[in-house]
Amino acid sequence: LVSSEIHRRVLLRSAKVVALLQLPAMLGFAVHAALTLRHPSVDGGWLSWPLAFVGLSCIVFRHQGAARAPLANALNALSAWLFCALLSWEAAWAVNIAVAASDMWPGAAWAAIPALFLFLLPRLVTRVTWPFAINRDAYLFVAGVGIALYLGTWSLVTNAVSVGDTAPLPYVPVLNPLDLAQTFVLLILFGYWRFLRTVRSAGFARIDPRVPMPALAVLAFIWLNAILLRTLHQWFAVPFELEQLMASTLVQTSLSIFWAILALVTMLVATHKRYRLVWLVGAVLLAVVIAKLFLIDLSRTGSVERIVSFVGVGLLMLVVGYFSPLPPANETQQ
Amino acid sequence: MKRAAGLMVGLSLGSSVVQAAPLSPQDFAFGLPVITNQEAAAYRFSLPLVGSRRVLGGSTRLVGKPAAFPWMRAVLWSVLLLAVVLLAWMAYRLANEPGR
């Protein structure tokens, strides 16, 4: 702040550079804190971090230059990411102290804060002039997209490693902190993408509009499968290791029927909404299920599981054929 | 048990109602340091003084404590249910938002 004031009074350029080094310094302290401290508010962090952010805001306000400039984008986006990271870390630590029984609760907190920020971001850039509306592109297309990518990564990682330990509560599919956080993240990402499509900006041109929705669909598909696998692990004691999961006849039968149900629901919704491409995705999933039945289930499962797989999938295909015809091509929207 | 100037002073706890078993001091020697007869002669054994009967806990000690209300679990379930309501509201709003 002193350097900033010197720069303002005597127009000393190097003083401005020194002032702008506050953000890298804060990033360095954050990395050091991550390596040495249990949470950011310890050792006087509860006072120093808010003061540092206030000081940073003053410096950004004075020196960021023109909006959309690289310096303005970097300052605003990096400070938003740092703020979210520190807040998430503190929240996860507090949740871990309150519910020390499992790592699912703090894991959900790591997503809740960034998702909440992404939820608020469209409102902030339309209602709060500084720093959000003035630096709209920096917040929406740099900070926001970065946080969206983080949330997507969080979703993938937690689905891959979390076994569904919801202690002290019993495991209930969907009604547990991880699955609710996953739902929150997917809804937030969907809503954010819908908002971005309304923004006419140069930043939007840098995003390929064909990517976000399929990426969201893949995230949702992986999450739904993870729910199924976690449930089989928790309720039927199937080990949560990829090799053992794939070797389990119960898992293979459940996956076949579950994928067939997903394909059915996808095709029914697509028929109702007249989304031809979505219907075709459901049809491809159904084809994958049939291929899986003959290539995997038929050769590996016992008689009862095989019968259940074939009868269940066959019945679902009958339902699809009866209720869900292919939408006409001229009404393709998605 | 405390030793003071060649005298062992001990405090015994027990019941004043239950009859004493026919035991001699030697019956208690198992597990204790072996002492010679000369040392034993130095000790004076006397009958313990029986005080008045005092009921400390009584029959209430035999009744199990009622389980404490699981506040933590209740709070966590409440948080989850509140999250479900909020997510349902979010999904409803997204579904009914005019097409952007």
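Me: Where is Val161(A) found?
Reply: Val161(A) sits in helix α8 of chain A; helices are DSSP runs (H or I, at least four residues), numbered from the N terminus. Its relative accessibility is 60%, so Val161(A) counts as exposed (buried is under 20% relative accessible area, exposed over 50%, partly exposed in between; 1.4 Å probe, protein chains only). This is a predicted model, where local features need pLDDT of at least 70 and side-chain atom pairs 80 or more, while totals for chains, interfaces and linings use all residues. Residues are numbered from 1 along each chain, chains are lettered from A and ligands numbered from 1 as written, and side-chain values use heavy atoms, without hydrogens and water.

Me: How do I read a pair of aromatic rings?
Reply: You look at the distance of the centres and the angle of the planes. Rings of Phe, Tyr and Trp (its six-membered ring) pair if their centres lie within 6.5 Å; planes under 30 degrees apart are stacked, over 60 edge-to-face, the rest tilted. By this rule there are six aromatic pairs over all chains. One of them, Phe221(A) with Trp259(A), is tilted, at 5.9 Å centre to centre and 45° between the planes. This pair links helix α11 (residues 212–236) to helix α13 (residues 249–273) of chain A, 38 residues apart.

Me: Which class does the pair Phe69(B) and Trp71(B) fall into?
Reply: The centres are 4.7 Å apart and the planes at 65°, so this pair is edge-to-face. Phe69(B) and Trp71(B) are both exposed.

Terms used
Helices (H or I, at least four residues) and strands (E, at least two) are DSSP runs, numbered from the N terminus.
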